[in-house]
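The following paragraphs lead through a structure, beginning with the ligand and its surroundings and then turning to the domains.

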Amino acid sequence: MERENPFCAYLYDLSKLRHHVDRLMTTLPSNFRLFYAIKANSDETLLKTLAPVVHGFEAASLGEIEKIRAVDKEILILFGGPGKTQAEIEGAIHNRVALLHVESFHELQLVNHIAGQKGTTVSILLRVNLRHSVPNAQLKMSGVPTQFGIDEFEVPNAIALAKCLPNVKILGFHFHAMSNNGDSKAHAHFVDHCFERAKSWGKEWNIDISYVNVGGGIGINYQNIEEQFAWDDFIEDLQGVIQKHKDANWQTVFECGRYITSSCGYYAAEVLDIKQNHGKYFCLLRGGSHHLRLPAAWKQSHPFTVVPVEKWSYPFSRPEVTESVITVAGELCTPNDVLARDILVPRVRVGDILLFHYAGAYGWAISHHDFLSHPHPDHLYIESDTLIHEAILV
Ligand SMILES: *Cc1c(COP(=O)(O)O)cnc(C)c1O
């Protein structure tokens, strides 16, 4: 089949996703639960693939709750996020969310009020903004002043208020604190710290804690893709934490986004031009940060490999560079449209395809798709990574 337009697509390896999550699920200690935070990628096919293999989904808006209910009527939903509106809280109740994460005193009153009007009780976790002991991750929602959660110092007051409100039932605490933490030891230590806090509040305020949600935040190493988060070491360290807190009989919840869908996703874009400017090589793609904004947002290079394409249909010579340092830019009219900077490649030619790895989370989902009105990429679903090259090289 002859291709008319330059290649540009997201590819999702569904079997890789299933295997990855299977491994996480089978190694998880008993009493631990793994939820998928769908904001990392709420693609319908991914949600359908994940629904049978995770314990549930975490949603951060009514739109996300509705996306989840469209693929699964029964799956457990956790609902969090700052600044919930009345309509969102009503929608959450209507869609039978399992737990609502309350982010402030006002929200506590609002949830209680709406639940009262509906003649129901809402099960809640209080979202805590910890003062200390948050690992050095790429993004911090906790341990520093942010818009998220209730200040750790104010938690006793929030508990006291929650206990007076007839239409909310406090079942525990929520501690999502960071994103892209690559250090498994620090993550296990963080879980231990969450357990300490939950235990002391539970005891002091006589709360029967059913859930401790330690959030997501497990990271991807985009700089060195051979060295990823040491999941097995993490699980081993968690056994120590579990031993230490033997008396705790709550369920511990992870709500991971990035760590679940990042590795199954690829972004593939054809090289449109190669040029030299001020002594540097630039490789221009059909695509760019309007499809994959993550590297530009974090000012880092996204890992990629070159997929050689032999076909060349023009009567003039094909631009190429070998053993050269290149910067990979997209098709937008802004110098910020860079996906990788100063990367040594063995060879790249116009018409080859760059395959970006670890693009399944916070890729398409966070990008400004219509800036400059270029066409969107295709979204292709495959069942094995050996098929990636076949999908690209049609
Ligand atoms: C974004 C988010 C997550 C998922 O974070 P990752 O870093 O993708 O694991 C989990 N919980 C909450 C409350 C979030 O906002």
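The shell around the ligand consists of three nonpolar, six polar and five charged residues; here Ala, Val, Leu, Ile, Met, Phe, Trp, Tyr, Cys and Pro count as nonpolar, Asp, Glu, Lys and Arg as charged, and the others, Gly among them, as polar. This is a predicted model, in which local features need pLDDT of at least 70 and side-chain atom pairs count only at pLDDT 80 or more, while totals for chains, interfaces and linings use all residues. Residues are numbered from 1 along each chain as its sequence is written, and side-chain values use heavy atoms, with hydrogens and water left out.

Of the 14 residues around the ligand (a heavy atom within 4 Å), Lys39, Ser179, Gly217, Glu255 and Tyr362 come nearest. An N or O atom in the side chain of Tyr362 is 2.5 Å from an oxygen atom of the ligand. A polar backbone atom of Gly257 is 2.9 Å from a ligand oxygen atom, and a polar side-chain atom of His176 lies 3.4 Å from a ligand nitrogen atom. The protein covers 93% of the 380 Å² of accessible area that the ligand has on its own (Shrake-Rupley method, 1.4 Å probe).

The protein chain is divided into domain 1 (80-256) and domain 2 (263-393), with bounds from an automatic or database domain assignment. Their centres, taken over C-alpha atoms, are separated by 38 Å. Eight residues from domain 1 and seven residues from domain 2 form the contact (heavy atoms within 4.5 Å). Between domain 1 and domain 2 about 820 Å² is buried, 65% of it from carbon and sulfur atoms; this is the accessible area (1.4 Å probe) lost on putting the two parts together, summed over both.

Terms used. Polar contact = N/O pair within 3.5 Å; in protein donor to acceptor, adjacent residues only side chain to side chain.
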